[in-house]
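Let's walk through this structure together, with the sequence and the model open side by side.

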Number of protein chains: 2
Amino acid sequence: MTTAEGHPGEGRPLGEHELDRLDAYWRAANYLSVGQIYLMDNPLLTEPLRPEHVKPRLLGHWGTTPGLTFVLAHLNRVIAERDLSVLSVLGPGHGGPAALATAWLDRTYGEVYPEAGRDAEGMRALFRRFSFPGGAPSHVAPETPGSIHEGGELGYSLAHAYGAAFDNPDLVVACVVGDGEAETGPLAASWHSTKFLDPARDGAVLPILHLNGYKIANPAVLARIGDRELRALLEGYGHRVHLVSGDEPSAMHRAMAAELDLALDEIAAIQHAARSGTLTDRPQWPVIVLRSPKGWTGPKVVDGVPVEGTWRSHQVPLSGVREDPERLAQLEAWLRSYRPEELFDAHGHPTELIDELVPEGERRLSATPYANGGLLRADLRLPDFREFAVDVPAPGATTAEATRVLGRWLREVVRANPHTFRLFGPDETASNRLDAVLEATDRAWMAGRLPTDEHLGRAGRVMEVLSEHLCQGWLEGYLLTGRHGLFSCYEAFIHIVDSMFNQHAKWLKVSRALPWRRPISSLNYLLTSHVWRQDHNGFSHQDPGFLDHVVNKKAEVVRVYLPPDANTLLSVVDHCLRSRDYVNVVVAGKQPAPNWLSMPEAIAHCTRGVGLFEWASTDSGHEPDVVLACAGDVPTLETLAATKILRAELPELAVRVVNVVDLMRLQPPSEHPHGMPDSEFDALFTPDRPIVFAFHGYPWLIHRLAYRRRGHANLHVRGYIEEGTTTTPFDMVMLNNLDRFHLVMDVIDRVPGLAVRAAHLRQRMADE
Amino acid sequence: MTTAEGHPGEGRPLGEHELDRLDAYWRAANYLSVGQIYLMDNPLLTEPLRPEHVKPRLLGHWGTTPGLTFVLAHLNRVIAERDLSVLSVLGPGHGGPAALATAWLDRTYGEVYPEAGRDAEGMRALFRRFSFPGGAPSHVAPETPGSIHEGGELGYSLAHAYGAAFDNPDLVVACVVGDGEAETGPLAASWHSTKFLDPARDGAVLPILHLNGYKIANPAVLARIGDRELRALLEGYGHRVHLVSGDEPSAMHRAMAAELDLALDEIAAIQHAARSGTLTDRPQWPVIVLRSPKGWTGPKVVDGVPVEGTWRSHQVPLSGVREDPERLAQLEAWLRSYRPEELFDAHGHPTELIDELVPEGERRLSATPYANGGLLRADLRLPDFREFAVDVPAPGATTAEATRVLGRWLREVVRANPHTFRLFGPDETASNRLDAVLEATDRAWMAGRLPTDEHLGRAGRVMEVLSEHLCQGWLEGYLLTGRHGLFSCYEAFIHIVDSMFNQHAKWLKVSRALPWRRPISSLNYLLTSHVWRQDHNGFSHQDPGFLDHVVNKKAEVVRVYLPPDANTLLSVVDHCLRSRDYVNVVVAGKQPAPNWLSMPEAIAHCTRGVGLFEWASTDSGHEPDVVLACAGDVPTLETLAATKILRAELPELAVRVVNVVDLMRLQPPSEHPHGMPDSEFDALFTPDRPIVFAFHGYPWLIHRLAYRRRGHANLHVRGYIEEGTTTTPFDMVMLNNLDRFHLVMDVIDRVPGLAVRAAHLRQRMADE
Ligand SMILES: Cc1ncc(C[n+]2csc(CCOP(=O)(O)OP(=O)(O)O)c2C)c(N)n1
Ligand SMILES: Cc1ncc(C[n+]2csc(CCOP(=O)(O)OP(=O)(O)O)c2C)c(N)n1
Ligand SMILES: [Mg+2]
Ligand SMILES: [Mg+2]
């Protein structure tokens, strides 16, 4: 059964030649996909297939591939016909062969990997590179031309697609969503992105729900709820549904072409209305539902059980091919069913019929600069952050809410970069005290509005949705297509996107090694409402462990900053917004807190990344008796309070205060590019004096970073030890032994000879 | 406007007395909620409100509270009227005051916290305890009687609700979902849980979508898409919609009562049909949409701007009350608007009218044993795992797929516990080679089926959905209501639930300190398809960092096991399924791998947690020259291969092989209950010999655990250093320097005096 629903009859009918072209292209892409999974030789099947032509290890995912090639073929048609910029995002990214086949056919693959050009030798290279060490991964990945999407961990395609579409008014992002993928939380949340996309200033996202019926071994929910519920669901998301369903190729080509045309017409109409000012309501954006068999055109039956159209086609539907002549014959028949001799000439060049479908230049799906955002990226225009400095006549003489100060600068960043910078957050921009930005812009909002609403608008630069996943996914898509952004989040809840951070950090690591991938802007996190200040909330909101998570990723892509006050925060964020190809994590408080450094001092301190607070030290340039180190705003406050007590009570004690802004400086240079040499570490922290380190996060992270240092045995770290509840800030530091009194006791316990002398002081401290 | 849609007229009309009762109860609960946020004295307002009656720090969330109290009042009505077991799950759990008011009114609060009984003194204690250090957290939390849900991190309520309903056929779980919360990915995914709930053997979930219009500072998406789209969406999820909308209390009470009755009638009808065998289609379960003002009944206008019905009521709508007499008067008027004198007698006892609505005994929302699962929990009946042992005539003489072996035992666990044990996973049970369980049971599946489907059934014990969030959330709900389970997951993707793990570990930590909370079964993870064996996938699937994440949580609740082979895996999982109040993380391979230990040896080894492999050591009971330590199946294999090379090439070298199963044994006993004393550590690892440690995960974790040990300076760890791609298993260990040849080189480089002697061997190793 084939239905082209929606508005039957309205679509332009597909000419016979167009149909032939589409089908030839599709067969070619399928052939190339099967070849990648199976063949190491005899790419054109110029001779009968023999066992030694087949790879010894059969890897890859066939099941999703024919659906993807089908979509990609049809996208090529409309790109050429309408001269469109299309970026494809393949949610079921394990269908890597489909993307690589497309890239090979549109010549990009050979441009990037010259050994794999469009001839028989190149085809052989395409096949061999697939899933081979040092070659092409089996998923879409940084190595895949035309992709901004890592297809390994499912769930983020649609969020990436929307991120790519923001502020790209001429772009259509065609996003294939797996019906299995659609069960994930992040994907399920992403559908509502329609309420955040401005048809006037943003591009369009065309979701294509790939209803091939199965995930790995189970049916997919959306494939089994019936058309009525499915349609209701998608309409509930705000879409207009175009259903393409069936398995007979030419009918399916006709249906898909018709529905795709309708969908693109609808998009054009929406955009036209929005851009000419005639759009009043929130538009109903089109969605295409493609219901087709999993493993379509693959082996129908293997060993007496159905394979095409079932979960059995998910990976490699025919195994043991080298060993079993029957299987070998079945593979050969499968490959020949695409009639390769009609698709490629004797040299392996695709025929003209196919080439007619392949777009030119940057219009090619695999060559679009939108998929290699660094090509499009321009530096931000950054207002001078020094002008936003808070006045610090003396250390601690004034107080500020650090994030509020930052907000005022960000407001100007927004103003200066009206099309390339956005702020993302789960409805916490005001709570995190960045609301000055709302003086310059709105929160993006396409849904209904009421008179009591404030700061909502279509063209808002502030993206607020109660989904950390969406914030992260949108931002990734935005960065990967060449723009800039900042994600501000409650510190504890950033763990919600741990795995998304992982995948992005992996993306950066790999793409840095690919010369053709241009650097993109860093992914910047501002973590605030942090562990030490959860007065309104409690234990559930106390978790500084994202730092531990982040430092597991490749050192060359991760940076962690803990500015102790407002001016240092400004300096750090300015730095982060200039950087490329990193993940920067900045932790800062939003509560009123003392300012320690004037702006010139702040800049110098942040440039060093770690430094002495001379004004708080009493070692007068000599060897100290003890080093009090600190990282983070609250630990810095407690450390400085402890030094004050020590100055008053034990004036003869030589105390050195070291503050760490750039956490990675603690590592050896062999471990991190920011790592300081041992000589510098020893000079600052001493090789032999006790170091009492007050840390923002879990204490063992400091040990982990510093365990190779000479002075490590003398290092005593206080930090969050997972004690907390709804309580006062001071009780929080007390509960975790990070308070000034504990720090003083730590000093007394650790400086040789002090214990006896300072017993009275110690007892007073313990009583506090 | 008030509408009671759905099936107008069908509901039983509410009698006047019933209405009075409901309204009195609701007013009482609201009064008690405002009291918790504001008052520290004068609880009954027996005297005019003075500044000193008001708390100096005003904390808490008012906005969501009146909606919650409204729902809870109505639940009380139906519980009594229908003699129902109802468990309430409050998604907007920041509305803690509502749950505590309920608990106070139904006497549970005073039973648990005797100082806070149902009189004026007790009311004062209720108010003072709220959001006070050592008292009640501002969110629903372990301290909240009647809750299985931590309300801090939003998104998991509905998944918890379904988990609670599984295998509890007599239970109705009423789950309030915030309209903000509904934007989160996990919540969005949870709606499809209807396809996994068996109306015959499971209880019912009644979602109540709390459309109060706002989240923190923004409107909520679902509140602004209009009724048509909202209805379509919920119908798309498989629900039948009951809309209750308005703000006039008595009309709203009537509407809510009517719709709640209809919804419960529908539930009863569905269950009756399913249980009498007449249900054919998947049922359309009811959902209630409650559209009411945020901060309902609170201050309408403050300082000239609207507060009730806007985001401004989210937290504390009136601030500065102690300082500003006008505000104080406004607060007093607000409190008196509930007419407390009609609700409580002079002693502070609730009046009879209210008490008529309060259920008895275990039917009380706050006293239901379902919310204190340990009360209901019974130990699993565990078949003897020894009978599933693989034969190991000599170390390495046989091979097995460890998880496949485990699967056979799990099959019998399922058989022996048909109502209290479930297996959860994101469609990976077969991929993870646990598919033997499908011989004993199906995968739960209520959606459409096709003839080609296998192992799908309504009553299946295997829960497969492509959402790690749902797996985790369901399992948590299942455990928290007294049952048992195992979550098997690809190792890399378990990071998707990092933050959910956090919240559960925090829950366990807190609940262990509450004597009235009974221990529940541990949350067991089986992480497989691990970092070292991603032949089909690649870099995106390589991440062993969950272990690092887990060890940040309180030592008393976390356990990490790395069984090196099949028999040890059996022994470890048996142990885990018996344990309570822990999170157990087990990492094990699914690929064919050598068996090292016979079952008796495996049991002894796992009991010790760490031990010598004497048969692989050449130190013949004396001091070794070097210790080769290992943890994890692949590192163990490489280590044993390295010892083999060393035995052959450097026979005079005394090598000791130590294998670690229970990772926490590496910590000092002061850090973890499993930690071994220094004496034992020194004896095993030596205080002064080089230790070459081959580790499954990121190497620094071992340093972190062992940095206080005497031998730490001699410890050299190999592990995953974030290098990988789609490649062979051996290439993976090579890329990360964990292979046998590197280990041999490490030995040569580290054993004093060996470098010169073994230069030839080293060169050969380097060439490999
Ligand atoms: C978050 C996540 N969990 C689990 C997996 C394992 N996995 C790989 S493919 C797949 C099924 C995908 O199904 P679907 O999205 O329908 O893709 P298709 O049917 O087109 O292959 C699963 C569960 C994964 N890749 N990501
Ligand atoms: C995952 C997560 N992100 C952010 C927050 C911060 N937060 C606390 S309450 C809230 C708004 C909740 O809105 P809703 O669910 O509608 O609850 P209600 O309106 O009933 O208060 C937010 C965003 C959170 N608690 N959890
Ligand atoms: Mg699918
Ligand atoms: Mg709300």
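**Where the two chains meet**

A salt bridge here is a side-chain nitrogen of Lys or Arg within 4 Å of a carboxyl oxygen of Asp or Glu. Between chain A and chain B the count is 16 salt bridges.

A word on conventions: this is a predicted model, in which local features need pLDDT of at least 70 and side-chain atom pairs count only at pLDDT 80 or more, while totals for chains, interfaces and linings use all residues. Residues are numbered from 1 along each chain as its sequence is written, chains are lettered from A and ligands numbered from 1 in the order in which they are written, and side-chain values use heavy atoms, leaving out hydrogens and water.

Now widen the view to the whole interface. Here 113 residues of chain A are in contact with 112 residues of chain B (contact means heavy atoms within 4.5 Å). The area buried between the chains is about 9,000 Å², with 55% of it given by carbon and sulfur atoms; buried area is the accessible area (1.4 Å probe) that two parts lose on being put together, summed over both. On the chain A side, A:Arg224, A:Leu466 and A:His536 lose the most area to chain B, together 8% of what that side buries.

**The magnesium sites**

Next, turn to the metals. In chain A, the magnesium ion (ligand 3) is coordinated by A:Asp179 (OD), A:Asn212 (OD1) and A:Tyr214 (O), at 2.0 to 2.1 Å. Donors are N, O and S atoms within 2.8 Å of the metal (3.2 Å for Na, K and Ca), and water is not among the atoms, so sites may look incomplete. Along the chain, the donors of ligand 3 follow the spacing D-x32-N-x1-Y. A:Asp179 and A:Tyr214 are both buried, where buried means under 20% relative accessible area, exposed over 50% and partly exposed in between (1.4 Å probe, protein chains only).

In chain B, the magnesium ion (ligand 4) has B:Asp179 (OD), B:Asn212 (OD1) and B:Tyr214 (O) as its protein donors, 2.0 to 2.1 Å away. Their spacing in sequence is D-x32-N-x1-Y. B:Asp179 is buried, at a relative accessible area of 2%, and B:Asn212 is buried too, at 6%.
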